[in-house]
Amino acid sequence: MKKCAAMLAAVLLAAQLAACGAPAAQSGSGAPSSRAEQAPSSQAASQPPEEAEATMEEAVQAARQMEQQMIELFEAGDREGILDLFVDRGGAYADAVVDFAGTLQQWYTQYDQHMIVPLAQVDGEYAVGLYHAICAGAYPDVNCNSSFGVMPMMQQDGQWKFMAEAGDALTRQVNLLAVGQDAMDAQDAGRNMKMFGAYWACLGPVVVKGNLSVELANLYQAENGDMILHLYAYNGTDANRSISDIQVEVTDSELGTVISGPMGGSAILPAGEAHMLTCTVPAENVLTGTQPLGELRCSVNYDHE
């Protein structure tokens, strides 16, 4: 049966595969482990031990509680209470913060699947992903809608709070996890690198119950002009599924078609698991060459059963 994913989500790169269509040996959970660091035992007695850094698990728990608080405060019309959940009370982003609280309330009203996944932590800042989805119908006739947000957060005076804007180091770390070192090197060298949609989903990984999906996560251009594509595939059904005949089309808003055609390969997706697939499009098949890419639209088609 043929499926087309019109809107493509990009996700955190948990595993790179040597050949297109070959699933990783295990689910791409990829969540960074976090250990509280103790002060060295040789530290002078006059110096107090450093406070243990919180774990990502603690950050996720705090985000879950604050998410519910934000919804309750929005429903109560408590703008000041919403802003107090943020380190800088929203600052210049105050209106956007309150608007997001309203969006979050709509997600909980409209959707029935709610996930919070750990993303990254750097220098006391943490990033978590808020994912909400609803599916109607049964496989293979499933219609799913989803929404997401990436929330930076930190502890301030012993209290967890969201941040209106992440620091540069945390932003880069999330991007690095999203695409991998080679893609970041390509971007740093001025070559094409693009992420799409919910680029962090694989780190969870995010698997929407009842749905099967193959989505373009990110792409970057190698030094020789080849285009490397990472596709995120998950199986939220209750049985193992096979995917085959993957075809990808990428179009630039000004340059036209970048890539169009079959990627080949096939894969078996175990029930409840997610994997990353890697495809290489030879330079001669990249229709825009090495020209800088702008706004992109993507579609993925594939057979599944």
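## Basis of the model

Residues are numbered from 1 along each chain as its sequence is written, and side-chain values use heavy atoms, with hydrogens and water left out. Because the model is predicted, local features need pLDDT of at least 70 and side-chain atom pairs count only at pLDDT 80 or more, while totals for chains, interfaces and linings use all residues.

## The disulfide

A disulfide is a covalent bond between the sulfur atoms of two cysteines. The structure holds one disulfide, counted here as a pair of cysteine sulfur atoms within 2.5 Å, and this link joins C135 to C144 with an S to S distance of 1.9 Å. The link of C135 and C144 is right-handed, with 105 degrees about the S-S bond.

## The four-stranded sheet

Strands (E, at least two residues) are DSSP runs, numbered from the N terminus, and two of them pair if DSSP finds at least two bridges between them. Four strands form an open sheet in the order β6-β7-β8-β12, with antiparallel pairing. β6 (193-195) and β12 (274-281) stand at the edges with a single partner strand each, so one side of each is left without a neighbour in the sheet.

Within this sheet, β7 (residues 212-221) and β8 (residues 227-235) pair in the antiparallel sense over nine bridges, and L219 stands opposite L229 in β8.
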